[in-house]
Amino acid sequence: MRRPGRHRGALLAAALLAAAAGCGLTSGSPMVDDVEPGSIGGGEPLEGAKLTVTSKEFTEQLVLGAIMGIAFQAAGAEVVDRTGIQGSVGSREAVVKGEADAGFEYTGTAWITYQGNSGPIPDPRGQWEAVRDADARNGVTWLEPSDLNNTYALAMNQASFERYRTRTLSDVAALATSDPGAVTLCVEGEFANRADGLPGMEKAYGMDLPARNVTQMDTGIIYTQTAKGACTYGEVFTTDGRIRSMNLVVMEDDGKFFPHYTAAPTVNTGTFEKWPAIAEVLDPVTARLDNDVAQTLNAKVDVDGEDPHQVALDWMVAEGFVKEG
């Protein structure tokens with residue numbers, strides 16, 4: 001049975017309890033979807049398990065956390081919802097310490113932020129393997145990765161694309177040389193200063209953009225300003241639903257500069273040793289996730305105003321992974 005408003009209330013309650021608890025890791029709400037096994041969860045291999053799912057607070061993570069929790073429920077587990085933790089470190093530490101059992105994480109975040117490496121590994125599978133091997137020492141097990149890569153990109157509106165016809169970042173660099181005034185950027189302050197952001201991109205592609213061509217602004221404004229043509233290129237995240245809804249054209253990172261932020265389930269190793277069937281439950285779901293799916297699901301929340309948990313449930317049912325009871 002579908003209860004559209006229930007999960008929003010559950011998330012709000014969890015958030016209030018988390019705020020009261022200080023760190024956000026000592027409380028949560030039961031996830032009680034009325035779901036049965038579909039193409040996953042047959043035989044309910046997680047029956048008897050009580051699993052806590054965590055996530056960060058932004059849209060994509062809320063959807064992924066709900067997808068994971070719904071999969072666990074279909075496989076017979078009782079699930080506690082601790083999604084929506086502010087910042088990356090909180091949800092990560094919850095899995096490391098066993099305060100949460102599992103959550104979707106990004107390989108680039110783990111490699112650079114958690115594991116302290118400065119340079120990304122260009123091959124996405126190699127990046128995942130390196131993160132997996134390093135985290136084995138931290139009590140975190142990485143399951144098979146998705147094709148969902150939530151990394152940086154530059155995008156332009158259709159009018160700018162028709163005018164300049166750039167398709168890759170190498171094309172953008174060539175345009176910056178031939179027509180310096182044409183390449184104007186709308187970016188976040190963080191991207192403007194990060195080594196894996198604008199300074200590194202300029203160095204990698206041989207660009208030297210004057211400061212007057214770069215305008216810093218909040219993330220949400222970047223999308224609307226790029227769509228309006230206030231800047232030729234805007235910094236975007238490759239899985240953001242607004243790319244599709246605003247009909248933006250994303251430049252290919254043909255020089256493979258930006259790190260891979262590939263999404264994959266991470267599980268507390270102690271939990272995984274007790275419940276190894278977690279892998280067989282999640283692997284088919286993870287294999288279906290890619291940037292097109294992410295953009296579609298994210299847009300349902302950020303553009304259409306739908307509830308993240310309901311979006312996840314609708315997708316899991318539509319894909320045949322679970323059945324509604």
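A pocket, as the term is used here, is an open set of grid points with protein on both sides within 12 Å along at least five of seven lines, and lining residues have an atom within 4 Å of a point. The model is predicted. Its largest pocket is lined by 26 residues, and its largest nonpolar core has 46 residues.

**Confidence**
- The protein chain has a mean pLDDT of 91, with 92% of its residues at 70 or more.
- Residues 1-25 have a pLDDT below 50, and this stretch makes 35 contacts in the model beyond near neighbours in sequence.

**Nonpolar cores**
- Within the largest nonpolar core, the residues with the most contacts are Leu46, Ile67, Phe72, Ile278, Trp315 and Met316.
- Two or more residues of this core come from each of strand S3 (50-56), helix H2 (59-74), strand S5 (102-106), strand S12 (263-268), helix H13 (277-288), helix H14 (291-302) and helix H15 (308-318).
- H2 gives the most to this core, at nine residues.
- Beyond four places in sequence, the contacts of Leu46 are Leu51, Phe72, Ala75, Gly76, Ala77, Trp275, Ala277, Ile278 and Val281.

**Largest pocket**
- The volume of the largest pocket is about 800 Å³.
- Nearest its centre lie Phe58, Ser88, Tyr106, Asn150 and Phe237.
- H2, helix H4 (107-114) and H14 each give two or more residues to the lining of the largest pocket, and H4 gives the most, with four residues.
- This lining has six nonpolar, 11 polar and nine charged residues.

**Second largest pocket**
- The second largest pocket holds about 350 Å³ of space.
- It is lined by 18 residues, and Asn149, Thr151, Glu252, Asp253 and His260 are the closest to its centre.
- By class, this lining comprises 10 nonpolar, five polar and three charged residues.

**Helix H4**
- H4 is largely enclosed by the rest of the structure, because six of its eight residues are buried.
- The buried residues in H4 are Thr107, Gly108, Thr109, Ala110, Trp111 and Tyr114.
- Their cover includes S3, helix H3 (88-97), S5, helix H5 (124-135) and strand S6 (140-142).
- After H4 comes Gly116, which has a positive phi, near 75°.

**Cavities and Thr266**
- There are three cavities of 30 Å³ or more, and the largest cavity has a volume of about 100 Å³.
- Fifteen residues line the largest cavity, and Ser91, Arg92, Val95, Glu105 and Thr266 lie nearest its centre.
- S3, H3, S5 and S6 are the elements that give two or more residues to this lining.
- The lining of the largest cavity divides into five nonpolar, six polar and four charged residues.
- Thr266 is part of strand S12.
- Thr266 has a relative accessible area of 6%, which is under the 20% cut-off, so Thr266 counts as buried.
- Not counting residues up to four places away in sequence, Thr266 touches Val95, Asp101, Ala102, Gly103, Glu105, Val140, Thr141 and Trp142.

Definitions and conventions:
Residues are numbered from 1 along each chain as its sequence is written. This is a predicted model: local features need pLDDT of at least 70, side-chain atom pairs count only at pLDDT 80 or more; totals for chains, interfaces and linings use all residues. Side-chain values use heavy atoms; hydrogens and water are left out. pLDDT is the predictor's confidence in each residue, from 0 to 100. Contact means heavy atoms within 4.5 Å. A nonpolar core is a set of buried Ala, Val, Leu, Ile, Met, Phe, Trp, Tyr and Cys residues joined through side-chain atoms within 4.5 Å. Buried means under 20% relative accessible area, exposed over 50%, partly exposed in between (1.4 Å probe, protein chains only). On a 1 Å grid over the protein atoms alone, a cavity is a set of points where a 1.4 Å probe fits but cannot get out, and a pocket is an open set with protein on both sides within 12 Å along at least five of seven lines; lining residues have an atom within 4 Å of a point. Grid points are joined across faces, edges and corners, and a volume is the space filled by probe spheres set on the points. Ala, Val, Leu, Ile, Met, Phe, Trp, Tyr, Cys and Pro count as nonpolar, Asp, Glu, Lys and Arg as charged, and the others, Gly among them, as polar.
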